[in-house]
Amino acid sequence: KRLQSYAQVSVVDPFGTSERYLKALKDAGIDHHIVWPQDGDQGIGGYGNRFSRVCRLMSYSACMLQLAQRTSALVKRLRPSVICTNSFKSAAVLAFHPYLRTIPACYYLHNWYRPPQMTRLGRWLCRKHASGVIGVSYATLHAAICAGVPWDKLYTLRNPVDVEMVKEAAN
């Protein structure tokens, strides 16, 4: 919401399964689009051994291709100057889709990463595809540095939570 005072903001949600998230966007007056409305939780990949993860990913491959095509069509209509994502799965769609990879992409590392926690895909995406990488702490950016992300792509955004708004909502 705070970003709206500086730029036009639109949220593109792949499946729109979080009622609370969608309500918060609506209440804040943020333009949002659901690419492919779905019922239930949509999980792609996940935990377990490498073979199990690959099998799950393959079972979702048709879904991912259709999601990428629908996302591309929506993004063409919205014509953004930059795309920001906090998901390496979304970042992979941006990096591998012919049209979407032409738009500058910023990756928001919202977790408290340690260097071993960044996956190979995440490291590659941050190094080779991202126009910028935003971390929530110096520790998170340290993980990006260890992953080989160039300094000129790194930015820190400490405490992006509006503390006063949270306090007011709690009362």
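Author: Gladly; what follows takes labels one by one and sets each against its definition. This is a predicted model, where local features need pLDDT of at least 70, side-chain atom pairs count only at pLDDT 80 or more, and totals for chains, interfaces and linings use all residues. Residues are numbered from 1 along each chain as its sequence is written, and side-chain values use heavy atoms, with hydrogens and water left out.

Reader: Let's start with the fold: how many helices and strands does the chain have, and what makes a run count as one?

Author: There are seven helices and six strands. Both are DSSP runs numbered from the N terminus: a helix is H or I with at least four residues, a strand is E with at least two. In sequence order the pattern reads β-α-β-α-α-β-α-β-α-β-α-β-α.

Reader: Why does the radius of gyration of the chain agree with a compact globule?

Author: The rule is 2.2 Å times the number of residues to the power 0.38, with the radius taken over C-alpha atoms. For 171 residues a compact globule would come out near 16 Å, and the chain has 17 Å, so the two agree. Along its principal axes, the C-alpha trace spans about 50 × 35 × 30 Å.

Reader: Now the aromatic rings. Why is the pair of Phe15 and Trp36 called tilted?

Author: Rings of Phe, Tyr and Trp (its six-membered ring) pair if their centres lie within 6.5 Å; planes under 30 degrees apart are stacked, over 60 edge-to-face, and the rest tilted. The structure holds two such pairs. Phe15 and Trp36 are 6.5 Å apart centre to centre with 40 degrees between the planes, so the pair is tilted. Phe15 sits in the loop between β1 (10-13) and α1 (19-28), and Trp36 in the loop between β2 (31-34) and α2 (50-59), 21 residues apart.

Reader: How do you know whether Phe15 and Trp36 are buried or exposed?

Author: Buried means under 20% relative accessible area, exposed over 50%, and partly exposed in between (1.4 Å probe, protein chains only). Phe15 has 10%, so Phe15 is buried. Trp36 has 15%, so Trp36 is buried too.

Reader: What makes Lys76 count as a charge over the ring of Tyr99?

Author: The test asks for NZ of Lys or CZ of Arg within 6 Å of the ring centre and within 35 degrees of the ring normal. Lys76 lies over the face of Tyr99, at 5.0 Å from the ring centre.

Reader: How do you know that the side chain of His97 makes a polar contact with Tyr99?

Author: A polar contact is a pair of N or O atoms within 3.5 Å; within protein, one must be able to donate a hydrogen and the other to accept it, and residues adjacent in sequence count only if both atoms are side-chain atoms. The His97 side chain reaches the backbone nitrogen of Tyr99 at 3.1 Å, so the distance passes. His97 lies in the loop between α4 and β4 (105-109) and, at 16% relative accessibility, is buried.

Reader: Which residues does Val35 touch?

Author: Contact means heavy atoms within 4.5 Å. Not counting residues up to four places away in sequence, Val35 touches residues including Val12, Leu67 and Leu74. Val35 is in the loop between β2 and α2 and, at 11% relative accessibility, is buried.

Reader: Finally, what makes Arg79 worth a look?

Author: Most residues other than glycine have a negative phi. Arg79 has a positive phi of about 50 degrees although it is not a glycine. Arg79 lies in the loop between α3 (61-78) and β3 (83-85), and its relative accessible area of 71% makes it exposed.
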